[in-house]
Amino acid sequence: WGEPFPIYYTEEGETITEDLDKLPVLLPYAEDFKPSDGGKSPLAKLEDWIHTDKGRRETDTMPGFAGSSWYFLRYMDADNPDELASSDSINYWQDVDLYVGGTEHAVGHLMYSRFWHKFLYDKGIVPTTEPFKKLVNQGMIQGVIEYIYLKKGKEDGKSVFVSADQIDEEKGHARIPVYVGYVSDYGTPGSHLDKKGLSDFLDWRPDYKGCLFTTASGTYDLESYPESDKFETQSEVGKMSKRYFNVINPDDVVERYGADCFRMYEMFLGPIEQSKPWDINGIDGVSKFIRKLWSLFFSEGKLITETGDPSAEALKSLHTAIKKVSIDIERLSLNTAVSSFMVCVNELKKQNCHNTSILTDLVKLLAPFAPFITEELYEALGYKESVHHTSFPVFNEAFLKEDSIEYPVCINGKKRDTYKVAADVSKEELEKEVLALPSVIKWMEGKPARKVIVVPNRMINVVV
């Protein structure tokens with residue numbers, strides 16, 4: 001129910017409002033809250049509440065999104081018993097910096113929030129014309145819908161289902177969604193129901209008991225259906241919904257993979273604004289990443305971290321990730337942030353890095369994305385406080401500078417060799433060293449160098 005309107009109607013047909021000192025009008029207690037006859041609200045049945053000395057109460061209530069259209073303002077002064085929020089609080093907090101909400105409630109809530117806020121602005125209650133500085137609508141997680149085809153009309157009194165590969169056009173057939181748990185290889189071109197899947201389907205939909213199934217090899221009832229036959233289904237990406245029997249229970253995923261893996265995989269699916277299909281097969285990659293992260297700290301159950309100065313290589317990998325992840329968080333590009341973590345952990349694994357200072361900052365960087373495993377790893381490193389109470393790592397440009405640079409060396413534009421030099425070598429010195437390379441002398445074939453073109457940090461080209 002929404003909030004009651006503070007309105008009364010007298011016997012003379014006059015409309016009057018509730019006294020201000022008696023607001024708000026609270027919903028009464030009711031054991032029966034089924035709708036009344038004629039489309040009236042459940043309040044219409046509460047005679048003792050409706051009829052008062054002042055008149056008959058209005059029994060309609062405000063819609064559910066009425067209160068939700070300004071709740072963010074109430075957060076500014078939630079314990080104030082006298083007003084929506086004090087003017088001091090509203091002027092201090094003003095509007096919402098960032099609001100993240102789903103596309104499906106954009107009309108039912110977000111549009112009405114603007115309407116409500118502009119009304120409050122006109123009344124001089126809020127200082128801003130818009131409720132939110134920035135609004136991001138995240139896309140829906142979609143699911144795979146599996147359909148089977150049912151012939152319209154019965155044959156000899158029996159329903160007939162037809163394998164999807166036997167359908168030339170949908171005319172004359174109805175599509176019936178099937179619970180994806182019965183479908184083998186669901187979401188792939190080879191999705192199908194085997195004999196057990198068909199049996200499960202009929203147990204689930206007993207109204208089709210005794211039906212027939214048509215495949216390329218013939219028409220069968222369930223008992224005579226060949227064990228080797230595949231009754232093909234049609235896969236389609238659409239809304240994850242109970243009506244399509246394709247809802248993935250998050251509890252089941254967490255039970256199998258853990259909350260951190262589930263959380264990071266949802267971020268990894270794609271850009272936040274886009275709707276994206278759920279694919280349980282893809283979660284294995286994130287699970288492997290988390291196991292690889294763990295292997296930087298432990299081997300056969302024993303902590304293998306090392307103290308001492310970290311290598312320049314490890315510092316570069318870490319600070320490349322800090323820079324990228326920090327930028328991606330600000331942009332809400334969470335899928336690319338997860339990719340950066342994967343790159344960093346892969347590089348540290350190749351470097352055989354178990355350095356405590358590197359891993360400490362890596363854990364802090366990962367903490368908002370994988371809060372549980374990072375808490376455990378931070379404690380394993382010997383820290384007593386929570387990782388979530390520490391400072392976020394800060395990017396240091398100095399660690400990204402290269403000690404040496406490997407140049408491709410070209411003769412008249414064609415690559416003939418590579419040459420690795422110190423990063424701080426002068427251009428003049430580099431030209432001399434390149435012209436003295438045996439491979440360059442060979443390809444110059446005794447011809448003089450007209451010029452040497454050095455593109456810093458990119459390439460060297462000798463023109464002969």
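**Pockets first, then cores**

Mentor: Start with the lining of the largest pocket: α2 (65-68) and α5 (106-122) each supply at least two of its residues. Keep in mind that this is a predicted model.

Trainee: Which element gives the largest share of that lining?
Mentor: α5 does, with 3 residues.

Trainee: What classes of residue make up the lining of the largest pocket?
Mentor: There are 15 nonpolar, 2 polar and 5 charged residues.

Trainee: How much space lies in the second largest pocket?
Mentor: About 210 Å³. It is lined by 14 residues, and E266, M267, I272, K276 and L334 are the closest to its centre. α8 and α11 each give two or more residues to this lining. α8 gives the most, with 3. By class, the lining splits into 6 nonpolar, 5 polar and 3 charged residues.

Trainee: Now the cores. Which residues touch the most other members of the largest nonpolar core?
Mentor: M264, F297, F341, L362 and F369, out of 44 residues in that core. Helices giving two or more residues to this core include α7 (250-257), α8 (259-268), α9 (283-295) and α10 (312-331). Also on that list are α11 (334-350), α12 (356-366) and α13 (371-380). α11 gives the most, with 7 residues.

Trainee: What does M264 touch?
Mentor: Leave out residues up to four places away in sequence, and M264 touches V286, F289, V338, F341, L366, F369 and A370.

Trainee: How many residues are in the second core?
Mentor: That separate core has 17 residues, among them F161, C211, F213 and Y220.

Trainee: And the overall form? What is the radius of gyration of the protein?
Mentor: The protein has 34 Å, whereas a compact globule of 464 residues would have a value near 23 Å. The C-alpha atoms fill a box of roughly 110 × 80 × 50 Å along the principal axes.

Trainee: How many helices and strands are there?
Mentor: The protein has 15 helices and 20 strands. Of its 464 residues, 39% are buried. Take the contacts with a separation of 6 or more: 60% of them join residues 24 or more positions apart.

Methods. Residues numbered from 1 in each chain as written. Predicted model: local features only at pLDDT ≥ 70, side-chain atom pairs only at ≥ 80, totals over all residues. Heavy atoms only, no water. Core = buried A, V, L, I, M, F, W, Y, C linked by side-chain atoms within 4.5 Å. Buried < 20%, exposed > 50% of the residue type's maximum accessible area, 1.4 Å probe, protein only. Helix = DSSP H or I, 4+ residues; strand = E, 2+ residues; numbered from the N terminus. Contact = heavy atoms within 4.5 Å. Nonpolar A, V, L, I, M, F, W, Y, C, P; charged D, E, K, R; others polar. 1 Å grid on protein atoms, 1.4 Å probe; cavity = no way out; pocket = protein on both sides within 12 Å on 5 of 7 lines; lining within 4 Å. Points joined across faces, edges and corners; volume = space filled by probe spheres on them. Rg over C-alpha atoms; globule rule 2.2 N^0.38 Å.
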